[in-house]
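Welcome, and do keep the viewer open as you read. Here is a short tour, with a few stops along the way.

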Amino acid sequence: MPMKQSPALRPKPADALVVLAVILLACAMVAAVWGGGRGLTATVSVNGQVTETVDLSRLSDPVVRELSANGYTLHVRLFSGGAEVVDSTCPNQDCVHTGHITQAGQSIVCLPARISVTLSGGAENGVDAVLG
Amino acid sequence: MKLTTKQLTLCAVLTALALALSYVENFLPLSLAVPLPGVKLGLANIVTVFALYALGAGQAFLILIARCTLGALFAGNLNALLFSLFGGLSAMAVMALLSRSKHLSLYGVSIGGAAAHNCGQIAAAMLTLGNTAPLYYLPLLLGVSLFTGALTGFAAGLLFRALEHTSLRKA
């Protein structure tokens with residue numbers, strides 16, 4: 001019974017193309033997954049309605065948003081690594097005392113003003129390990 | 001597909017060999033050198049490469065299906081079937097394509113197969129988990145596949161050299 005096809009047993013120059021293709025694919029995945037997906041996104045809600053989503057990784061300089069709702073005014077500072085409420089006119093100042101948040105899943109809530117800032121995305125995706 | 005007795009026997013032997021290789025592979029302390037889950041040498045791929053060249057894509061496909069099904073049954077883990085089928089079929093498809101090229105050696109074909117195997121397994125993981133988190137792991141696995149693919153290509157080469165003067169090689 002003859003072999004269907006005899007393979008070349010020694011490496012050929014074109015093999016480098018396969019290696020290159022695999023490396024390029026790996027680099028493309030790194031760029032797509034780690035580069036694009038790593039950035040945190042801040043979602044600002046007022047009265048339960050999302051008013052703004054900001055891709056924090058694209059912020060080179062911090063920005064301050066003035067948010068007014070239900071008779072109170074907050075100054076929210078958004079920077080590349082997270083967010084914080086700088087000051088608020090609300091009575092209990094819980095939002096200010098929360099300090100700055102930097103991890104996906106964290107949030108700052110000001111109940112009297114019904115304003116919240118939530119971080120999402122980034123490397124945090126709720127999976128600790130993948131076992132094959 | 002019509003198989004002669006000789007072909008059927010060879011397919012059965014190769015299936016058994018692939019199963020034995022993936023079992024033996026578990027004992028190699030590769031995880032000491034590369035402490036990452038899912039990183040395997042993929043020794044069973046030697047059989048796929050060999051079958052692809054010696055018997056053609058049809059019989060290589062039969063061997064692969066039998067190997068994946070029996071392997072999952074032996075392991076008592078039918079979840080693993082999805083992973084090995086996705087990985088095995090992707091590798092098989094890519095290698096069947098690459099082996100048509102006269103410009104590629106066993107090394108190129110086998111590295112392409114190893115990389116495709118990892119892509120298939122990541123796809124299976126994404127399907128199982130229902131999110132794209134496993135994608136984070138793919139670049140790493142692709143890097144490792146360059147080495148494991150070259151190694152299985154080398155091993156398959158040894159096999160072809162050893163069979164040089166047998167009836168399999170004689171046209």
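Predicted model: local features only at pLDDT ≥ 70, side-chain atom pairs only at ≥ 80, totals over all residues.

Our tour begins with helix 7 of chain B, which covers residues 138-162 and so counts 25 residues by the numbering and helix assignment used here. From its first C-alpha to its last, helix 7 of chain B reaches 35 Å, close to the 36 Å expected at 1.5 Å a residue.

Have a look at B:Ser145 while you are there: helix 7 of chain B bends by about 30° at this residue.

## Two helices packed in chain B

Next, find helix 1 (residues 5-25) and helix 3 (residues 44-54) of chain B, whose axes lie 7 Å apart and meet at an angle of about 155°. Because angles over 145 degrees count as roughly antiparallel, helix 1 of chain B is roughly antiparallel to helix 3 of chain B.

Which residues make the contact? From helix 1 of chain B come B:Leu14, B:Leu17, B:Ala18, B:Leu21 and B:Ser22. Helix 3 of chain B answers with B:Ala44, B:Val47, B:Phe50 and B:Ala51.

## Chain A in outline

Turning to chain A, you will find two helices and seven strands. Along the sequence they follow the pattern α-β-β-β-β-β-α-β-β.

Chain A has 132 residues, and 32% of them count as buried. Its exposed surface comes to about 7,500 Å², with carbon and sulfur atoms supplying 54% of that area. As for contacts in chain A between residues at least 6 apart in sequence, 32% join residues at least 24 apart.

Technical notes:
Residues numbered from 1 in each chain as written. Chains lettered and ligands numbered in written order. Heavy atoms only, no water. Helix = DSSP H or I, 4+ residues; strand = E, 2+ residues; numbered from the N terminus. Expected span 1.5 Å × (residues − 1). Bend = angle between axes of the 7 residues up to and from the residue. Buried < 20%, exposed > 50% of the residue type's maximum accessible area, 1.4 Å probe, protein only. Contact = heavy atoms within 4.5 Å. Areas by Shrake-Rupley, 256 points an atom, 1.4 Å probe, with all protein chains shown as cover. Axes fitted to C-alpha atoms, helices over the stretch in contact; angles between N-to-C directions. Parallel < 35°, antiparallel > 145°, perpendicular 65-115°, else oblique.
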